Amino acid sequence: MTDRQPVIAARGLEIRFGGVVAAAGISLDLFEEDHLAIIGPNGAGKTTFLNICTGYLRPQAGTVTFRGRNLIGASPREITRLGIARAFQIPQLFAEQTVRENMLLAAAARSGRLGSLNRLAAIPERGEVDALLRLIECDDVADRVASELPEGKRKLIDVALALALKPEVILMDEPTSGVASSEKFAVMDTLVGALKEQAVTSVFVEHDMEMVTRYATRVAVWNAGTIQKEGPPEAILSDPVVIRTVVGS
Ligand SMILES: Nc1ncnc2c1ncn2[C@@H]1O[C@H](COP(=O)(O)OP(=O)(O)OP(=O)(O)O)[C@@H](O)[C@H]1O
Ligand SMILES: [Mg+2]
């Protein structure tokens, strides 16, 4: 066994909202090039965990470190700059800008330059952005306005926006929610292929067990603010307790 250091390490996270326990002692290690699926019933605290890791929520107890550096108290923007990107359930795109303009704005934001739309053509990341659009199989829609995109492409662009920030880790909340079931595998094939190509470690919240089986390298089962089980997909998804509480729900 190699003595691998985790990229992200959470220890003893606790958070309550009134009487609701959203995290009750969450501890988890994420290792390089893991593709960790988080599964569990509605309200289990899956999104809360992503919110804590990305600085949107501050836990009442516990720590999260990224390559040994404490993230608690850091703002979402600081955490993004450190190398943890977030893709949202509802893609965060400027609806009236084209796909390429959205990507150029993200790339300009990464380098700390304020994106000025009438000068986007001149920014140096243009080649890089076009390469990323090819990687995520969205070069065909580069000049389309974001609001006109089909949902599958919109999800891919949301991930491409995150990748434009050159993250080490990407956290995704139900990346294919809202995508027609006939398109889900194609979207995830493209998405996970791009993450592997860029050696980006990922965490994704997922309700569809077929997606988990096909794409996860590890699975963590959330239940009432705790991690009920964690391990390789085959073992977790065939566990009778997991089947009863999650898979069959
Ligand atoms: N900012 C908040 N203020 C108050 N309550 C919250 C807040 N965020 C989450 N909660 C509550 O904490 C619990 C866990 O919520 P969370 O969104 O993390 O669940 P989830 O596992 O992502 O569920 P779902 O599968 O439905 O997305 C829920 O009862 C939710 O209502
Ligand atoms: Mg959620």
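Axes here are lines fitted to C-alpha atoms, for helices over the stretch in contact, and angles run from 0 to 180 degrees between N-to-C directions. Helices are DSSP runs (H or I, at least four residues), numbered from the N terminus. The model is predicted, so local features need pLDDT of at least 70, side-chain atom pairs count only at pLDDT 80 or more, and totals for chains, interfaces and linings use all residues. Residues are numbered from 1 along each chain as its sequence is written, with chains lettered from A and ligands numbered from 1 in the order in which they are written.

**Exercise 1.** Describe how helix α5 and helix α6 cross.

Step 1. The axes of α5 (residues 151-163) and α6 (residues 181-197) come within 10 Å, crossing at roughly 15°.

Step 2. The two helices are therefore roughly parallel to each other, a term for angles under 35 degrees.

Step 3. From α5, G152, K155, L156, V159 and L163 make the contact, and from α6, E183, V187, T190, L191 and A194, where contact means C-beta atoms, placed from the backbone, within 7 Å.

**Exercise 2.** Describe how helix α3 packs with helix α4.

Step 1. With axes 10 Å apart, α3 (residues 99-110) and α4 (residues 126-135) pack at an angle of about 125°.

Step 2. R100, M103, L104 and A107 of α3 meet R126, E128, V129, L132 and L133 of α4 in the contact.

Methods: Angles under 35 degrees count as roughly parallel, over 145 as roughly antiparallel, 65 to 115 as roughly perpendicular and the rest as oblique. Two residues are in contact if their C-beta atoms, placed from the backbone, lie within 7 Å.
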